[in-house]
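Below is a short briefing on one structure, grouped by topic. Please read it alongside the sequence and the 3D view.

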Amino acid sequence: MPTFTFTKVARFSFLFTFLLATLGSVYHGEDESDSEPPPISDENAHSFTVMDVEAMNVYRDERRTELIESLTLSNLSTEHQELIANAIAKSYIGIPVSSFTYSSEFESSQEEDAESTVTYHVRSTGHIQRENLEVYHGLDTNNPFVYFPPVPFVSETGKLIKESDSSAQFAFDFKFPMEDMSEDDMMADFVETMKWTFEVTVSKADQAPEHITLKLAKPIRKRFLFKLTTFQLDFHYSYVDSCDCFAVSKLNTQMKGSALFVGKLDETVELTFTDISCEEPVRFLLPETEGSSILMF
């Protein structure tokens with residue numbers, strides 16, 4: 001049996017807190033002390049492409065085609081493959097020049113409960129500005145246009161969960177991104193054993209997502225050190241008329257577990273996006289770094 005030194009214990013605890021920190025920007029937003037943004041030409045600024053509606057439709061169709069090809073590896077029917085591909089393609093079409101109101105409610109066993117409501121503007125310069133403040137953020141800050149790659153799951157694992165006349169729910173295996181972890185890291189094998197599920201509920205009438213859920217398929221634990229029983233994100237989608245696209249209207253997050261030196265963790269977060277409005281003419285900003293990180297982490 002291996003002997004766990006203090007360093008090893010601390011690193012397993014770190015893995016637990018790392019999972020929580022991964023969503024830190026989702027809970028608490030960006031640091032409002034940021035100064036004015038750098039020029040778009042600055043090497044630290046986000047590079048992006050501006051798409052009109054026609055270009056956005058081309059981009060969306062390319063996403064759909066890539067997913068259709070991948071879903072042929074599954075045992076799902078052709079009809080269901082088409083339904084899923086249409087929905088996932090519509091789940092992300094870039095970030096439109098727009099404004100939206102962002103509300104958050106945070107409850108935690110470790111920290112004080114908190115809530116806030118802020119209005120933001122997505123600028124054509126590639127920054128997101130908090131209303132009435134000269135505070136700017138990059139395109140990876142919290143916004144209702146959440147990035148999912150064209151194929152966000154393991155296609156060959158797809159299965160139908162339930163179906164009605166109006167919708168269908170599917171489940172896939174999902175590989176949660178854990179970057180910056182070397183192959184010889186002692187936690188790498190542990191992370192690899194985590195099983196995640198990607199569930200999508202699709203509206204048949206709209207051929208669009210109603211809900212997308214990412215969750216830990218089963219609890220993970222290391223005796224005396226670490227236990228994570230629940231880790232789940234639920235994305236709720238709504239149609240935005242002024243943008244002629246779908247966006248996240250609500251994101252619910254649940255986490256439960258415990259860890260040495262951390263104690264019991266029980267956190268819930270509800271983010272709500274309202275008053276989403278696109279500027280005319282409608283333009284979509286497509287960050288060139290989008291593929292490097294799911295969910296804008």
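Leaving aside neighbours within four places in sequence, Phe-198 is in contact (heavy atoms within 4.5 Å) with Ile-88, Phe-148, Pro-152, Phe-153, Phe-170, Ala-171, Phe-172, Phe-174, Ile-212, Thr-213 and Leu-214. This is a predicted model, in which local features need pLDDT of at least 70, side-chain atom pairs count only at pLDDT 80 or more, and totals for chains, interfaces and linings use all residues. Residues are numbered from 1 along each chain as its sequence is written, and side-chain values use heavy atoms, with hydrogens and water left out.

- Strands are DSSP runs (E, at least two residues), numbered from the N terminus.
- Eight of the eight residues of S9 (residues 196-203) are buried, so the strand is largely enclosed by the rest of the structure; buried means under 20% relative accessible area, exposed over 50%, and partly exposed in between (1.4 Å probe, protein chains only).
- Trp-196, Phe-198, Val-200 and Val-202 point one way from S9, while Thr-197, Glu-199, Thr-201 and Ser-203 point the other way.
- Strands pair if DSSP finds at least two bridges between them.
- S8 (residues 167-174) runs antiparallel to S9, joined by eight bridges, and Asp-173 stands opposite Thr-197.
- S10 (residues 208-216) also pairs with S9 in the antiparallel sense over eight bridges, with Glu-199 opposite Thr-213.
- Four residues separate S9 and S10 in a hairpin, and Gln-207 in the turn has a positive phi of about 50°.

**Ala-114**
- Ala-114 lies in strand S4 (residues 114-122).
- Ala-114 counts as partly exposed because its relative accessibility is 42%.
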